[in-house]
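Visitor: I have not seen this structure before. Please show it to me, and then I will ask about it.

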Amino acid sequence: MLSLFKFFDTEIQESISHYYFTNLREIFTSTLCAVAFFLICYKGNGNKSIWKNDNLLTNIAGFMALGVAFIPTSPLEGACMKCTFINFGLEWLHYVFAAVLFLIFSVLSINVFTIGQQPNRNIPVSIFNENHIYRFCGYSILLFIVLIPFSLFKYSTLVFEALSLFMFGISWLVKGRALGDQGIIGEKLYREHNTCNTVEMIEE
């Protein structure tokens with residue numbers, strides 16, 4: 001989106017990773033580093049199953065994000081090569097890191113976020129139930145990852161990467177109850193009868 005601002009003097013790139021070779025390099029790498037350190041420092045609930053252990057999965061995702069940030073993708077023709085000190089024989093590692101990162105985002109949504117909703121027979125399962133949202137977001141991420149290599153249209157890689165991040169963002173925000181869980185939101189999303197925002201109660 002920052003490419004739309006003339007101030008940055010940067011054209012829209014073919015993928016998010018290609019912003020490494022533009023005037024937005026510092027924003028690209030610093031944002032990924034911030035996300036990486038957040039994921040590594042995040043402490044969730046452990047689980048004996050690797051595919052449901054959010055502590056392990058978020059730690060791996062954090063290191064993958066660092067790899068994506070500091071081992072660049074293949075540069076486009078005419079790309080700015082200033083301040084680039086990585087050997088470009090390692091582009092394949094960038095793709096591995098990125099693929100694993102998105103895969104973990106999908107696994108977190110499908111396998112981890114769906115754990116823990118308390119059964120409530122008094123409230124029917126809504127189409128907007130949180131677990132439905134997590135699975136929709138998780139499988140959407142998988143679909144977008146699969147579609148990336150096909151280059152279906154111009155900027156398709158950029159679009160599918162952005163959509164994958166957007167889906168994981170929705171999944172994370174719903175899990176974190178960013179919209180609250182009071183009243184109808186609590187009933188539809190979390191199958192809970194909450195007369196007030198429980199997140200605010202916990203913080204107090």
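What follows is a set of questions and answers about this model.

Visitor: What kind of model is this?
Guide: Residues are numbered from 1 along each chain as its sequence is written, and side-chain values use heavy atoms, with hydrogens and water left out. Local features need pLDDT of at least 70, side-chain atom pairs count only at pLDDT 80 or more, totals for chains, interfaces and linings use all residues, and the model is predicted.

Visitor: How many helices and how many strands are in the protein chain?
Guide: Helices (H or I, at least four residues) and strands (E, at least two) are DSSP runs, numbered from the N terminus. Along the sequence, the pattern of the protein chain reads α-α-α-α-α-α-α. The count is seven helices and zero strands.

Visitor: What percentage of the residues of the protein chain count as buried?
Guide: Buried means under 20% relative accessible area, exposed over 50%, and partly exposed in between, with a 1.4 Å probe and protein chains only. The protein chain has 204 residues, and the share that counts as buried is 43%.

Visitor: Which residues touch the most other members of the largest nonpolar core?
Guide: A nonpolar core is a set of buried Ala, Val, Leu, Ile, Met, Phe, Trp, Tyr and Cys residues joined through side-chain atoms within 4.5 Å. The largest one has 42 residues, and those touching the most other members are F105 and L108.

Visitor: Which helix supplies the largest share of this core?
Guide: At least two residues of this core come from each of α1, α2, α3, α4 (130-147), α5 (156-175) and α6 (184-190). The largest share is 10 residues, and its source is α3.

Visitor: Which residues is F105 in contact with, leaving aside its neighbours within four places in sequence?
Guide: Contact means heavy atoms within 4.5 Å. With those neighbours left aside, the contacts of F105 are L39, I141, L165 and F168.

Visitor: Which helices do the buried residues of α2 pack against?
Guide: Helix α2 covers residues 54-70 and has 17 residues. Its buried residues include L57, A61, M64 and V68. The buried residues of α2 pack against α1 (25-41) and α3 (91-112).

Visitor: Which residue's backbone nitrogen does a side-chain oxygen of N53 reach at the start of α2?
Guide: A polar contact is a pair of N or O atoms within 3.5 Å; within protein, one must be able to donate a hydrogen and the other to accept it, and residues adjacent in sequence count only if both atoms are side-chain atoms. At the start of α2, the side-chain oxygen of N53 comes to within 3.1 Å of the backbone nitrogen of N55.

Visitor: Which side chain makes a polar contact with the side chain of T73?
Guide: T73 is in the loop between α2 and α3. T73 counts as buried because its relative accessible area is 3%. At 3.0 Å, the partner of its side chain is the side chain of Y95.

Visitor: How far does α5 reach from its first C-alpha to its last?
Guide: The expected span of a helix is 1.5 Å times one less than its number of residues. Helix α5 has 20 residues, and its reach is close to the expected 28 Å: the value is 28 Å.

Visitor: Which helices do the buried residues of α5 pack against?
Guide: Among the buried residues of α5 are L158, F160, M167 and F168. The helices that the buried residues of α5 pack against are α3, α4 and α6.

Visitor: What is the phi of Y155?
Guide: Y155 lies in the loop between α4 and α5. At 29% relative accessibility, Y155 is partly exposed. Its phi is positive in a residue other than glycine, near 65 degrees.

Visitor: What distance separates the C-alpha atoms of G183 and N197?
Guide: G183 sits in the loop between α5 and α6. Leaving aside its neighbours within four places in sequence, G183 is in contact with E192 and N194. G183 and N197 are 14 residues apart along the chain, and their C-alpha atoms are separated by 8.5 Å.

Visitor: How many disulfides does the structure hold?
Guide: A disulfide is a pair of cysteine sulfur atoms within 2.5 Å. C33 counts as buried because its relative accessibility is 12%, whereas C196 is partly exposed at 31%. The number of disulfides is zero.
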